[in-house]
Amino acid sequence: MRIEVAKPATRLARAVRSRVIRAEAVHRAESNHHLIRISKPPRAPYIARFKRSAVKAPAGWANPPIRAMPSATGPDRMQNLRKNIRTLIGIADHKSRDHRKFYPWGFAMNGQTSRLEAVRQMIFAAEIARIIETGTYRGTTTEWFAQFGLPVETVETDERVFAFSKARLSRFPNVAIHLGSSVPFLRSRLADANINDRVLFYLDAHWENSLPLREELQIIFTHHPNSVIVIDDFQVRDDNGYHYDDYGPDRALTLDYVERSNLPAYHAFYPATPSEQETGARSGWIVLTPDPAIAERLRTIPLLRTI
Ligand SMILES: C[S@@+](CC[C@H](N)C(=O)[O-])C[C@H]1O[C@@H](n2cnc3c(N)ncnc32)[C@H](O)[C@@H]1O
């Protein structure tokens with residue numbers, strides 16, 4: 001919100017004006033509203049000041065005309081500026097054509113060729129109709145998904161990599177990239193989704209301190225059980241060569257974490273390829289499906305093993 005006060009000419013008038021603006025900022029912070037209409041600007045502080053300094057405020061000055069206009073507040077403005085700068089950097093990253101920015105882990109799915117082939121087979125075996133990824137990052141895996149010609153949606157919170165991926169994926173009409181957090185995104189997307197469409201979810205929005213996985217799973221299990229869920233960076237219990245994410249107590253990507261998530265019954269699969277035969281970053285992964293008919297189809301894939 002921006003407050004405009006008629007610009008007075010004298011020093012005293014300017015002092016009054018700045019006082020009004022400061023008082024209004026306090027009022028605005030307290031009211032916790034994005035947009036307020038100022039009907040009664042606070043009078044006491046500057047009237048007291050006039051008394052102390054023995055200066056008589058000319059009529060009308062104690063209540064100068066104030067016009068409130070919609071605009072960002074101080075902290076909001078800083079946040080917007082930061083976001084805009086990150087967006088510009090993302091566009092510059094894309095323009096740089098730096099290979100390492102396009103393929104930070106070598107290729108899609110951390111450069112893990114066995115996983116890529118397993119997921120390719122899952123898409124065909126389960127007759128997947130749509131793909132949803134959480135955590136776009138540089139769009140490397142999204143771009144690989146795009147090549148199946150299915151509708152692909154992906155969501156990313158960070159403006160810089162969002163801007164990068166938006167430019168990168170713009171040549172794919174079947175890809176939609178969203179800026180925002182995965183949990184509200186899934187909630188809104190799945191509320192009106194066609195339940196007959198089999199969806200492949202690629203859950204990869206865990207990063208630094210962010211671990212939305214439990215809520216992501218709960219939303220998918222509730223709203224779209226007709227699905228195959230692949231989780232990246234997941235512990236493969238009997239194969240320590242696969243790395244997994246551990247963010248602290250009850251925040252490690254393990255079967256225990258999934259079991260503590262109050263989910264309905266599901267079928268689970270690990271990679272059948274031992275970690276020493278996998279390529280790339282060798283990050284662990286798991287496949288879940290709440291649907292017994294889909295599980296039946298996944299059992300035909302030699303690159304998966306039932307847990
Ligand atoms: C490991 S990277 C994703 C890599 C990508 N899927 C790929 O295969 O190339 C994780 C990404 O998730 C994003 N992220 C973190 N928390 C998120 C959230 N709650 N919603 C959406 N994206 C999130 C991070 O900004 C980061 O870009």
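This report describes a predicted model, from its confidence through its sheet to its ligand shell and loops.

## Model and confidence

Residues are numbered from 1 along each chain as its sequence is written. In this predicted model, local features need pLDDT of at least 70, side-chain atom pairs count only at pLDDT 80 or more, and totals for chains, interfaces and linings use all residues.

The protein averages a pLDDT of 85. Here pLDDT is the predictor's confidence in each residue, from 0 to 100. A score of at least 70 is reached by 77% of the residues. Over residues 23–58 the pLDDT is below 50. Beyond near neighbours in sequence, this stretch has 34 contacts in the model. Two residues are in contact if their C-beta atoms, placed from the backbone, lie within 7 Å. Residues 60–66 also have pLDDT below 50, with 19 contacts beyond near neighbours in sequence. Where pLDDT is low, the predicted coordinates should not be read in detail.

## Overall build

The protein has 12 helices and 10 strands. These are DSSP runs, numbered from the N terminus: helices are H or I with at least four residues, strands are E with at least two. Of the 307 residues, 32% are buried. A residue is buried if 20 or more other C-beta atoms lie within 10 Å of its own, exposed if 12 or fewer, and partly exposed in between; C-beta atoms are placed from the backbone. Among contacts with a separation of 6 or more, 70% link residues 24 or more positions apart.

## The sheet

Eight strands form an open sheet. Their order is β5-β4-β3-β6-β7-β9-β8-β10, and the pairing is mixed. Two strands pair if DSSP finds at least two bridges between them. The edge strands are β5 (175–179) and β10 (304–306), and each pairs on one side only. Direction ignored, neighbouring strands are turned by 20° against each other on average. For such angles, axes are lines fitted to C-alpha atoms, for helices over the stretch in contact, and angles run from 0 to 180 degrees between N-to-C directions.

## Parallel pairs around β3

β4 and β5 pair in the parallel sense over five bridges. Valine 152 has valine 175 in β5 as its bridge partner. β3 and β4 are also parallel, over four bridges. There, threonine 134 stands opposite valine 155 in β4.

On another pairing, β3 runs parallel to β6 (residues 199–203) over five bridges. Arginine 130 stands opposite valine 199 in β6. β3 is mostly covered, with four of its five residues buried.

Strand β9 (residues 285–289) is largely enclosed by the rest of the structure, because five of its five residues are buried. Trp285, Val287 and Thr289 point one way from β9, while Ile286 and Leu288 point the other way. In a regular strand the side chains alternate between the two faces of the sheet.

β9 has antiparallel partners. Four bridges join β9 to β7 (residues 227–232), running antiparallel. Isoleucine 231 has isoleucine 286 in β9 as its bridge partner. Three bridges join β9 to β8 (residues 267–271), again antiparallel. Phenylalanine 269 stands opposite valine 287 in β9.

## The ligand shell

The ligand is surrounded by 20 residues. The closest are Gly135, Tyr137, Thr141, Ser182 and Ser210. A residue is near a molecule or strand if its C-beta atom, placed from the backbone, lies within 6 Å of it.

β3 (130–134), α7 (140–146) and β4 (152–156) each supply at least two residues of the shell. The shell divides into seven nonpolar, eight polar and five charged residues. Ala, Val, Leu, Ile, Met, Phe, Trp, Tyr, Cys and Pro count as nonpolar, Asp, Glu, Lys and Arg as charged, and the others, Gly among them, as polar.

## Loop residues

Glutamate 127 sits in the loop between α6 (113–125) and β3. Its phi is near 50°, a positive value in a residue other than glycine. Glutamate 127 counts as exposed because it has 10 C-beta neighbours inside 10 Å. Aspartate 250 is in the loop between β7 and α11 (255–259). Phi of aspartate 250 is near 55°, again positive in a residue other than glycine. With 11 C-beta neighbours inside 10 Å, aspartate 250 counts as exposed.

Tyrosine 244 lies in the loop between β7 and α11. With 19 C-beta neighbours inside 10 Å, tyrosine 244 counts as partly exposed. Leaving aside neighbours within four places in sequence, tyrosine 244 is in contact with Asp233, Phe234, Gln235, Leu253 and Gly284. The C-alpha atoms of tyrosine 244 and serine 283 are separated by 6.1 Å, although the residues are 39 apart along the chain.
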